[in-house]
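Here is my notebook for today.

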Amino acid sequence: MKKKILCGIAVVTIAVVAAFNINLQESYELSTIRLANIEALASGESGGYSCTVTRDCGGGDSVSCTGTSHCELVTGPLGSSRGRGVKCDGKVTKC
Amino acid sequence: MEKLLNASRLTYNPNIQNMISKIRFSILISCVLVLFNSCQNQLPEINLSKELSVDVIADSIYFLNVGCMTSHEGEIFFINGHEDNIITLNEDLSLIKIIGTRGQGPNELLGLNKFSIKDSLMAVLTGGNNRINIFNLNGRLLKEHGLNNTDIRFHSGYRFVFNGREIIGSSSLADTPLTIYNINNQRQSFFGEKYEFPLLSQATIRNDRHTLISDEGFIVVSDNMPFIEVYDIKTNMLKYKYDYSTIGQVGRSLNEIKNKGRQNQGSNSYYTLCQDVYFADNYLYILFANYTNGYRVNELVKFELTSSIKPISILKLPGKIYSSFCVSKEFIYGYNSAENTIERFKL
């Protein structure tokens, strides 16, 4: 009898926890899909945005990157070309 | 006793035992998952709606690469990279004045990076001219401090503090990441705790930080690590350090950064987490990059910062990418770099 009660409690606990986790998972996936669609539509309307930025590092060297949202130059220390670089969609690449 | 043993052997069923052990394992895993979920602090999200927006002022001044937005006594200051000058707007986003003109000559600015205001003075770092310029807030140049023949180490790409005679900010040196430079006597000292990385090249490029000031001390925020540090103003010793990766929204973005880093991170590159920071009225705001659904930079984490650091909420801006922002008593101002607009939101 005790075992049956324990089993019952265990099953109910698992069901509650599983339902909680599935609920979280579903809402996350739905929002992901929704945002992905909005991004795809916006991309379709604008013909697909992309940007490229290049930084001359001196001595014939350079760094560049390409992004689909935002590109910019990154500054470095005063008085030095070291530490300068480029940034595309959040990724920084230094000279 | 013998009967009892026999009875237990009779009731022993390997299938039931197997099922019970599976149930126990499931309960254990579920408890671990619930605990893990509760450890990540999911902050309440507040959607801010745009009240005002401008993309051109005085009929012909457009914005590009706006940075270092600063609210000071009812005026909004920011660098306009399009013209290499500093623009001042009132709270209704109308032009008040323009400070500086582009050029390499005396009194001119080139490659404006960051500025900082103390009372009626403004220190401006210009990477193109390699100078520190001191203006009054009416736009009159008071002092031009050239750094061409000096060995000064100061990173011009991060917010810094100006106290009237010294600039305090990122040094660009990994071992001593923060520095104080006295403009009057040209003395420089270093402090700060280093972040360790497996590669030396990563330690070199990932130890720079934004520096702000509060009554508690210097507030220091990395652009790529989820840390807020507070250093004592007098001793320059680390008072405390806060890891904000425990905030659910930030933690998920960091997981994406880890996944991206495994795929395509070179030794000379990294992903930014913090785009910009601002401190106002005992609250610290961090504009962080969210990589979970593509790349978005439109969420501010708001922290209460008194004798400790307490995350309060996430403020969501309506645009997709913002590169700088500031906070006044009533409003938040942001530069929407996808639209090239300055926007105002009710706080």
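**Entry 1: a sheet in chain B.** In what order do the strands of the open sheet of four strands in chain B lie? I read the order as S9-S10-S11-S12, with antiparallel pairing. I noted that strands are DSSP runs of E with at least two residues, helices are runs of H or I with at least four, and both are numbered from the N terminus. Two strands pair if DSSP finds at least two bridges between them. At the edges I found strand S9 (112–118) and strand S12 (141–146) of chain B, each of which pairs on one side only. From one strand to the next, the twist averages 15 degrees; axes here are lines fitted to C-alpha atoms, for helices over the stretch in contact, and angles run from 0 to 180 degrees between N-to-C directions.

I then looked at one pair within this sheet. Strand S10 (residues 121–126) and strand S11 (residues 131–136) of chain B pair in the antiparallel sense over six bridges. Opposite B:Ala123 I found B:Ile134 in S11(B). A reminder to myself: strands of a sheet pair through backbone hydrogen bonds, either parallel or antiparallel.

**Entry 2: what kind of model this is.** This is a predicted model, where local features need pLDDT of at least 70 and side-chain atom pairs count only at pLDDT 80 or more, while totals for chains, interfaces and linings use all residues. Residues are numbered from 1 along each chain as its sequence is written, and chains are lettered from A and ligands numbered from 1 in the order in which they are written.

The model scores ipTM 0.84 and pTM 0.81. I checked pLDDT, the predictor's confidence in each residue from 0 to 100: its mean over chain B is 90, and 88% of the residues of chain B reach 70 or more. Over residues 31–38 of chain B the pLDDT is below 50, and this stretch has two contacts in the model beyond near neighbours in sequence. Two residues are in contact if their C-beta atoms, placed from the backbone, lie within 7 Å.

Entry 3: Is B:Gly67 buried or exposed? B:Gly67 counts as buried because it has 21 C-beta neighbours inside 10 Å. The cut-offs are 20 or more other C-beta atoms within 10 Å for buried, 12 or fewer for exposed, and partly exposed in between, with C-beta atoms placed from the backbone.

B:Gly67 lies in strand S5 (residues 67–72) of chain B. Five of the six residues of S5(B) are buried, so this strand is largely enclosed by the rest of the structure. S5(B) runs antiparallel to strand S6 (residues 75–80) of chain B, and four bridges join them. The bridge partner of B:Gly67 in S6(B) is B:Ile79. Two residues lie between the strands of this hairpin, and B:Glu73 takes a positive phi near 45 degrees there.

I also looked further along the chain. B:Asp276 is 209 residues from B:Gly67 in sequence, yet the two are 9.1 Å apart in space, C-alpha to C-alpha.

**Entry 4: the core.** Which residues touch the most other members of the largest nonpolar core? They are B:Met69, B:Phe78, B:Val124, B:Ile286 and B:Val301, in a core of 82 residues. Such a core is a set of buried Ala, Val, Leu, Ile, Met, Phe, Trp, Tyr and Cys residues joined through C-beta atoms within 7 Å. Strand S23 (residues 283–290) of chain B gives the largest share, five residues. Not counting residues up to four places away in sequence, B:Met69 touches several residues, including B:Phe78, B:Phe325 and B:Tyr333.

Entry 5: B:Tyr333 stands opposite B:Arg344 in S28(B). Six bridges join strand S27 (residues 331–336) to S28(B), and the two run antiparallel. Their hairpin has four residues between the strands, with B:Asn340 in the turn at a positive phi of about 55 degrees.

**Entry 6: a loop residue.** B:Ala58 has a positive phi of about 50 degrees although it is not a glycine. I found B:Ala58 in the loop between strand S3 (56–57) and strand S4 (61–62) of chain B. B:Ala58 is exposed, because 9 other C-beta atoms lie within 10 Å.

**Entry 7: chain A.** Chain A has one helix and five strands, in the pattern α-β-β-β-β-β along the sequence. Of its 95 residues, 22% are buried.
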